[in-house]
Amino acid sequence: MSKTIQTTCPYCGVGCGISAKVGQSLHQLEISGDVTHPANFGRLCSKGSALGETVELKGRLLEPTVYGQHGSWTEALDLVANSFSRIIEKYGADAVAIYGSGQLLTEDYYVANKLMKGFIGSGNMDTNSRLCMSSSVAGHKRAFGSDTVPGCYDDFEQAEMIVLIGSNAAWCHPVSFQRIRAAKEVNPALKLVVIDPRRTASCDIADLHLPLASGTDANLFNGLLQYLSKHQALDLAYIDAHTEGFADALKAAAIDLEQVAAVCGLNKDDIQRFYDWFANHKKIVSLYSQGINQSSSGTDKVNAIINCHLATGSIGKPGCGPFSLTGQPNAMGGREVGGLSHQLAAHMDFSSTDDIERVARFWNTQNIARKPGYPAVDLFDAIYDGKVKAVWIMGTNPVVSLPNANKVKLALKNCEFVVVSDCIKDTDTTALAHVLLPAQGWSEKDGTVTNSERRISRQRALFDGSGNAKPDWWIISQVARRMGFEQEFSYQSPVEIFREHARLSGFENNGTRDFDISAFADITEQDYQGLQPTQWPVNQANPQGRSRMFEDGKFFTVSGKAQFIAITPCLPVHSPDQHYPLILNTGRLRDQWHTMTRTAIAAKLNQHKAEPFVELHPVDAERYGLLANTLAGIESPWGSMIARVQLTDSQQQGSIFVPMHWTEQYASHGRMGALVNPIVDPISKQPESKHTPVRIKVYQPVYQSFILSRRELNMTMPDYWVKIKGQQHYRYELAGMSLPENWQDWAKNKLCDSQGETVQWQEYQDAAGGHYRAARFVNNQLESVIFIATKTELPERSWLTSLFAKTALEQGQRRVLLTGKPPVGVADVGTIVCACFNVGAKTIQTAIKSHGLKTHQQVGLCLKAGTNCGSCIPEIKALL
Ligand SMILES: Nc1nc2c(c(=O)[nH]1)N[C@H]1C(S)=C(S)[C@@H](COP(=O)(O)OP(=O)(O)OC[C@H]3O[C@@H](n4cnc5c(=O)[nH]c(N)nc54)[C@H](O)[C@@H]3O)O[C@H]1N2
Ligand SMILES: Nc1nc2c(c(=O)[nH]1)N[C@H]1C(S)=C(S)[C@@H](COP(=O)(O)OP(=O)(O)OC[C@H]3O[C@@H](n4cnc5c(=O)[nH]c(N)nc54)[C@H](O)[C@@H]3O)O[C@H]1N2
Ligand code: SF4
Ligand SMILES: [Mo]
């Protein structure tokens, strides 16, 4: 008895459709790509494919918690409502805040925003989208008068040239990247240019990679505007008919190729090639993401890119346009409901009194907020300063993801009242909550999300809610009712909220606002259940939705014309100096999602990169005395971390890269947000997460160790630790600054003896050589191994971990077990490259050699590696 339900992936903004085959239990969930969904046509990446592994109940937050004790919903909701009301009465509405997330569904988000801005009467609702999309929002508003993404995914196939700017789409928007790869295979003339200081996996199919100096994109695009003008590549008719401000923008862009080369640290020929291609192609899509947005001048960078598209009329046409890739599954929905603290709702904001009056009329409220609230970084400063005394955090983990994260931690520690809604029990942020509210997660919750191309899709419940978890909209409405707003928050189901949201989008709109889904204003429950993916606007003029915007050259500015913005490029606020000589760049890995609360549950996804690491150029490594695979301490004026050194010339000298994912739940010193400078863009208030001055030095522990254990261990951790969930085991990477008195006791203590079982030990100690190794068998099955070394390197973990799949070890395996190496003739698979089919680097290398494989397709035929989601193809190609 199984049924198939169409839903949407809860991770990135590509917004892939999923076809979920639901069996009797959580563990009988089968996930595949929905072939009918226009975002992915059946494809999924490694994260989407592994969703079935993440629905388990272990680690879930399933009951309300009040001051550390289990509480009932009534108790928890009363407490939240009363505390908020009490603080508002005493200190005013601006003493409370909500900090939301682009991972909330539109319905949840709408209700949260309505409560804070419409009824509590404060602008203090902001969201993690401030760290993600706000520079794009601000850039769009300046250029178009509205926050509109003009194009659609179909443009990837129609383009003659695609430029990826500050986007590692191969890892972060993998299915879109696969689509570009496929388009390039069909049409080899399609050019791909990647603009990124690092040589990323996205460079795999690039015709040109411009490894520009961090933070210099505005110079590059100003140079492009100048070049287009000098080489008669402008669309003067378009500029004339549909834009304003060109002359000023061009004047500000007075920079020649030589100057661009000097500032950006690029080769002149490469710049020339890029500019030539841009000048000589009509259909160009510029895809940009966090390398642009997360900057102290991110808004200017967005406009520097848009300027070039306006100047060539390359917008509002098939295969054309500036295209901001949204990160989170509902980053776009958050913008629709007005989740940022300067926004109101339905693409209206506090800059217009008319908007404020209109929304107040629609919500029928006397108490609407009249000014913007605190944007994220300021909000947590205000909490730190005691100005905001109660905060409700939903669907985000700010103790990890905000810059200067140690200050955020302190702010929450000292805050009078902290409420956190999450679906996971133990996170770095839930640890600081007074009240924890269990939210239904993906597979339980029901509502809509909007992807990068404005496409609204349904996320559908696959299972009933687990434990006592409730949908976010329900939780918020319950609190609102208890605060005295019974009527306005009387929702019984998500469709009622969606209808209201749709009605507001059309309310007194008459074509003045881009976001209009008024065609859904009276949608029936049944139609909502069956809603098929649709791109907004969906209104009388566009009953089936609309692929592209601005096709008629009309914009939402007062004059109806698009605005050029004169850009004077700024360099990052904090530059490296003698104390902090390196630039810290932070970003994402292929198989983890943000703070790992869900992806780290799937063993498959932990194999690609197991430990917090820092990538740096070999020359820098030598300069700072760092060896590959050793530990390094990284420090900024704001905080510090420890990470494993990885050497690569894909990294520029002077700049290092650290993944953003690790938290205190999985590593002792991997929370990189602690280091990141809290500087923000003056217009968008988006933080500069890609550029923090740091220094790096050797972290020299006295010993290093690893443990592989069938069971999760409850042990006291040494100075440095990382915990990794494997397929049939847990792996612990450990290091300490002081030697235990007796290794044997230390090891046995860590591996804690179980009772009532036959336990056998196998041990090896070489005091002079500085190592101790032991294996523990329970009822003849390998239960755990521990390897400790003070001088030599530890063996690789891959063969040892593979032994946990076996019910019993053979004699030969047992004999060599404590060498950590497979018996002669048995291959070690190496680190896993293809997460979908579990194929390791060594297996691939061996196959390449023995079968003379030449292409990734041949590797795929031989080993299946790279044939499902395709995200590992760049790595397979690197091995070739
Ligand atoms: N696997 C995975 N995918 C994800 C996510 C995830 O957590 N994991 N998160 C999702 C979310 S919310 C987001 S916002 C997106 C982010 O998607 P991306 O923006 O593609 O990801 P990042 O790795 O943050 O940064 C992109 C690139 O910007 C580059 N960069 C740094 N400084 C500069 C600069 O000065 N100029 C230029 N041109 N480039 C620079 C970095 O080197 C990096 O390669 O990914 C989404 N997809
Ligand atoms: N240095 C640096 N910092 C960054 C970035 C960077 O590139 N570099 N990127 C920034 C960007 S673009 C982003 S988007 C942020 C992301 O950063 P966060 O938003 O902090 O990261 P997540 O891990 O996605 O947090 C989501 C939380 O919501 C919970 N959750 C999941 N589903 C639900 C639900 O349905 N309801 C509720 N209530 N909770 C749920 C998850 O368990 C998790 O705890 O990080 C930002 N911070
Ligand atoms: S590309 Fe991957 S993470 Fe993004 S929506 Fe599709 S399956 Fe999910
Ligand atoms: Mo994001």
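Reply: Before any residue is placed, the elements must be defined: helices (H or I, at least four residues) and strands (E, at least two) are DSSP runs, numbered from the N terminus. The model is predicted, so local features need pLDDT of at least 70 and side-chain atom pairs count only at pLDDT 80 or more, while totals for chains, interfaces and linings use all residues. Residues are numbered from 1 along each chain as its sequence is written, chains are lettered from A and ligands numbered from 1 in the order in which they are written, and side-chain values use heavy atoms, with hydrogens and water left out.

Me: In which strand is the place of Trp 392? Is Trp 392 buried or exposed?

Reply: Burial is judged by relative accessible area: under 20% is buried, over 50% exposed, and partly exposed lies in between (1.4 Å probe, protein chains only). Trp 392 belongs to strand E16. Its relative accessible area is 1%, which means that Trp 392 is buried.

Me: With which residues is Trp 392 in contact, leaving aside its neighbours within four places in sequence?

Reply: Contact means heavy atoms within 4.5 Å. With those neighbours left aside, the partners of Trp 392 include Val 80, Phe 84, Ala 97, Tyr 99, Leu 437 and Ile 475. A polar contact is a pair of N or O atoms within 3.5 Å; within protein, one must be able to donate a hydrogen and the other to accept it, and residues adjacent in sequence count only if both atoms are side-chain atoms. The side chains of Trp 392 and Ser 421 form such a contact at 2.9 Å. Between the C-alpha atoms of Trp 392 and Val 418 the distance is 6.0 Å, although 26 residues of sequence lie between these positions in the numbering.

Me: Which residues of helix H17 are buried?

Reply: An α-helix has 3.6 residues a turn, so residues three or four places apart point the same way. In helix H17 (residues 376–384), the buried residues are Ala 376, Val 377, Leu 379, Phe 380, Ala 382 and Ile 383. They pack against strand E6 (96–100), strand E7 (125–127), strand E16 (390–394), helix H18 (398–401) and helix H19 (405–414). Just after H17, Gly 386 has a positive phi of about 80°.

Me: Into which domains is the protein divided?

Reply: Domain bounds come from an automatic or database domain assignment. Here that gives domain 1 (65–132 + 330–535), domain 2 (134–324), domain 3 (582–698), domain 4 (703–819) and domain 5 (832–879). The centres of domain 1 and domain 2, taken over C-alpha atoms, are 34 Å apart. Across this pair, 16 residues of domain 1 are in contact with 17 residues of domain 2.

Me: How many residues surround ligand 1, and which are the closest?

Reply: A residue is near a molecule or strand if one of its heavy atoms lies within 4 Å of it. Ligand 1 is surrounded by 33 residues, of which Asp 196, Gly 215, Ser 289, Arg 588 and Gln 592 are the closest. At least three residues come from each of domain 2 and domain 3. An oxygen atom of ligand 1 is 2.6 Å from a polar side-chain atom of Asp 196, and a nitrogen atom of ligand 1 is 3.0 Å from a backbone N or O atom of Arg 590. Accessible areas come from the Shrake-Rupley method with a 1.4 Å probe; for residues, only the protein chains shown count as cover. The protein buries 99% of the 910 Å² that ligand 1 exposes when taken alone.

Me: How do the residues around ligand 2 divide by class?

Reply: Ala, Val, Leu, Ile, Met, Phe, Trp, Tyr, Cys and Pro count as nonpolar, Asp, Glu, Lys and Arg as charged, and the others, Gly among them, as polar. The shell of ligand 2 has nine nonpolar, 16 polar and six charged residues. Domain 1 and domain 3 each supply at least three residues to this shell. Oxygen atoms of ligand 2 provide two examples of pairing: one is 2.7 Å from an N or O atom in the side chain of Asn 128, and one is 2.8 Å from a polar backbone atom of Asn 397. The protein covers 99% of the 920 Å² of accessible area that ligand 2 has on its own.

Me: Which residues are around ligand 3?

Reply: Among them are Cys 9, Cys 12, Cys 16 and Cys 45. Helix H1 (46–49) and helix H7 (174–186) are the elements that give two or more residues to this shell. By class, the shell has eight nonpolar, two polar and one charged residues.
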